[in-house]
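Reader: I would like to learn how to read a fold. Please take me through one.
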Amino acid sequence: MIDLTGMISVPFLKKSVFTGSYRGMNFMLKKISNDDGDQIQAIAWPGPFNFAVTADEKKVTHEIPFGEKGILEAVAWLNEHYEGNY
């Protein structure tokens, strides 16, 4: 189970991208801005390769409203995605 408690925060995501991996699944959390306002974009893809060299069709994306609650929802989505696909 992915647990990012104490590893990621709203101020961190405002300025940087968070990447990680869990048992063969790589993931990224980043802040994006679109018509719905600021969002957290969670992206998951199979390892072992990094984001840049993995084909786009292997990447799964989910967007959540930006904030502390959004981080928790993004982690929950990553765990659900892992359980359903790995």
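Author: We go through the sheet, the helix on it, the core and the salt bridges. Keep in mind that this is a predicted model.

Reader: Which order do the strands take in the sheet, and is the pairing parallel or antiparallel?

Author: Start with the strand order, then check the sense of each pairing. Here four strands form an open sheet, ordered β1-β2-β3-β4, with antiparallel pairing. β1 (18-22) and β4 (60-65) are the edge strands. Each has a single partner strand, so one side of each has no neighbour in the sheet. On average, neighbouring strands are turned by 25° against each other, direction ignored.

Reader: How many bridges join β3 and β4?

Author: Six, in the antiparallel sense, with β3 spanning residues 37-46.

Reader: Which strands does helix α2 touch?

Author: Look for contacts, then for direction. Helix α2 (residues 68-85) packs on the sheet and touches β1, β2 (25-34), β3 and β4. The direction of α2 makes about 20° with that of β3.

Reader: Where do nonpolar side chains tend to be in soluble globular proteins?

Author: They tend to be buried together. Now the case at hand. The largest nonpolar core has 20 residues. Ile2, Leu4, Phe27, Leu29 and Leu78 touch the most other members. At least two residues come from each of α1 (10-15), β1, β2, β3 and α2. The largest share is that of α2, with six residues.

Reader: What is leucine 78 in contact with, leaving aside neighbours within four places in sequence?

Author: Leucine 78 contacts Ile2, Met25, Phe27, Leu29, Ile43 and Ala44.

Reader: On to charges. How many salt bridges are there?

Author: The count is two. The cut-off is a Lys or Arg side-chain nitrogen within 4 Å of an Asp or Glu carboxyl oxygen. Lysine 31 pairs with aspartate 38, their closest N and O atoms being 3.6 Å apart. Lysine 59 pairs with aspartate 56 at 3.2 Å, N to O.

Reader: Is lysine 59 buried or exposed? And aspartate 56?

Author: Read the relative accessible area against two limits: buried is under 20%, exposed is over 50%. Lysine 59 has 15%, so this residue is buried. Aspartate 56 has 59%, so this one is exposed.

Reader: How do lysine 31 and aspartate 38 count?

Author: Values between the limits count as partly exposed. Lysine 31, at 32% relative accessibility, is therefore partly exposed. Aspartate 38, at 36%, is partly exposed too.

Methods
Residues numbered from 1 in each chain as written. Predicted model: local features only at pLDDT ≥ 70, side-chain atom pairs only at ≥ 80, totals over all residues. Heavy atoms only, no water. Pairing = 2+ DSSP bridges. Axes fitted to C-alpha atoms, helices over the stretch in contact; angles between N-to-C directions. Contact = heavy atoms within 4.5 Å. Buried < 20%, exposed > 50% of the residue type's maximum accessible area, 1.4 Å probe, protein only. Core = buried A, V, L, I, M, F, W, Y, C linked by side-chain atoms within 4.5 Å.
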